[in-house]
Amino acid sequence: MFVLRARPKNGSPRAGLHRPPVDACGLPHEAIRIMKRIPIWLLFGALSLAACTSRPAADTETIYVSIPPLKSLVEAIVGDDYPIEVLVPAGASPETFEPTPRQYVAVNRARRLFQIGLIDFERNLVARIADPAKVVDLGAASGVELLTGSCSHGHGNPHDGHAHDAHTREAHPHGVDPHLWSSPRALRGMAAAIYAAIHADHPDSVRYTRNHERLQQALAELDARTAERIARSGIRTVFVYHPALSYYARDYGLEQIAVEQEGKEPSARHLAQLIRRARAEAVDRILYQVQFPRSSVEAIAADIGAEAVAFDPLAEDAIGNIDRITALITKP
């Protein structure tokens with residue numbers, strides 16, 4: 001701040017400008033007095049507004065996916081053209097996950113949200129999104145024939161103690177099993193649905209079309225590779241703690257036997273029948289998700305004389321992960 005004063009009689013041109021007193025930080029005392037008269041809430045409001053308005057434009061270009069495997073599908077098509085964020089962090093279970101307030105805000109700003117559409121937190125999230133058109137429910141859009149299930153995705157009838165395969169599960173309040181990403185064939189349908197949404201935003205992008213074609217080729221090769229390995233192994237039954245391989249089992253002619261009953265620890269009767277069957281079929285491993293404690297399955301595996309083997313159905317690399325799961329299932 002400068003104040004123009006009358007030129008002194010000596011005629012010095014520099015003497016006509018007077019710099020008012022400042023504090024140690026260089027702020028004029030007059031400015032400080034004005035700031036002190038501004039209510040503190042107004043200052044904080046101005047700072048908040050500045051923070052919001054300075055948010056980078058890229059925030060609205062972010063693509064969100066609900067679970068890690070979907071990120072690899074989206075990334076295979078768009079490359080690094082868009083930031084891709086995952087809602088469920090590594091190691092967390094989608095069944096118990098709840099988005100943070102920050103994530104609710106970010107998804108509302110985002111360009112797109114790709115989700116399975118069959119998991120509880122996804123349903124709750126969509127209900128709070130201002131623009132539902134940005135959401136793509138892959139369970140519906142992929143064309144995959146969905147399997148009946150429950151929100152806990154359990155197998156079997158808790159009253160009769162028998163395990164059932166993926167085709168004969170009871171229908172429960174939420175209706176369908178959401179684990180589509182466990183099967184290469186379902187991944188192909190989901191990849192096509194993701195591409196359709198991206199193509200609608202970028203109809204002239206030849207590169208996205210070529211990327212999608214390459215992704216479909218990789219998934220077709222994964223499908224053929226998986227079918228060949230399962231057939232060669234002679235495996236017909238897969239014992240798992242939590243039924244996360246329902247679509248994989250259906251597509252490759254396997255019976256998935258789950259230890260859980262409706263998402264709960266098995267009853268004594270159900271457990272006794274599982275142990276008898278596992279021994280009769282010489283089962284040597286029970287798969288369990290890394291999202292579950294090892295202690296949940298160790299005792300059961302010990303009773304059977306089997307090994308408790310961890311796997312992660314939610315690993316980000318969808319193609320590589322299915323190869324790893326197949327290796328666990330078909331291991332001699």
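The points below concern salt bridges and a few individual residues in a predicted model.

1. On conventions, the model is predicted, with local features requiring pLDDT of at least 70 and side-chain atom pairs counted only at pLDDT 80 or more, while totals for chains, interfaces and linings use all residues. Residues are numbered from 1 along each chain as its sequence is written, and side-chain values use heavy atoms, with hydrogens and water left out.

2. The count of salt bridges (a side-chain nitrogen of Lys or Arg within 4 Å of a carboxyl oxygen of Asp or Glu) comes to 13. One of them joins the side chains of Arg111 and Glu61, with an N to O distance of 3.0 Å. Because Arg111 lies in the loop between α4 (101-109) and β5 (112-115) and Glu61 in the loop between α2 (40-53) and β3 (63-65), the pair ties together parts that are 50 residues apart in sequence; helices (H or I, at least four residues) and strands (E, at least two) are DSSP runs, numbered from the N terminus.

3. A further salt bridge, at 3.0 Å from N to O, pairs Asp201 with Arg112, and this pair links distant parts of the chain, with Asp201 in helix α7 and Arg112 in strand β5, 89 residues apart. Glu61, Arg111, Arg112 and Asp201 are linked in a network of salt bridges. As to accessibility (buried means under 20% relative accessible area, exposed over 50%, partly exposed in between, with a 1.4 Å probe and protein chains only), Arg112 counts as buried at 14%, whereas Asp201 is partly exposed at 29%. Arg111 is partly exposed at 26%, and Glu61 is partly exposed at 28%.

4. Arg294 and Glu298 also meet through their side chains in a salt bridge, at 2.6 Å from N to O; Arg294 is partly exposed at 39%, and Glu298 is partly exposed at 38%.

5. Leu73, in helix α3 (residues 68-78), is buried at 1% relative accessibility. Leaving aside neighbours within four places in sequence, Leu73 is in contact (heavy atoms within 4.5 Å) with Leu187, Met190, Ala191, Ile194 and Leu215. The C-alpha atoms of Leu73 and Ile194 are 7.9 Å apart, although the two residues are 121 residues apart in sequence.

6. Ser182 is found in the loop between α6 (138-141) and α7 (184-201) and is buried, with a relative accessible area of 4%. The Ser182 side chain reaches the backbone oxygen of His179 at 3.0 Å. Beyond neighbours within four places in sequence, the contacts of Ser182 include Ala244, Tyr248 and Ile322.

Terms used: Polar contact = N/O pair within 3.5 Å; in protein donor to acceptor, adjacent residues only side chain to side chain.
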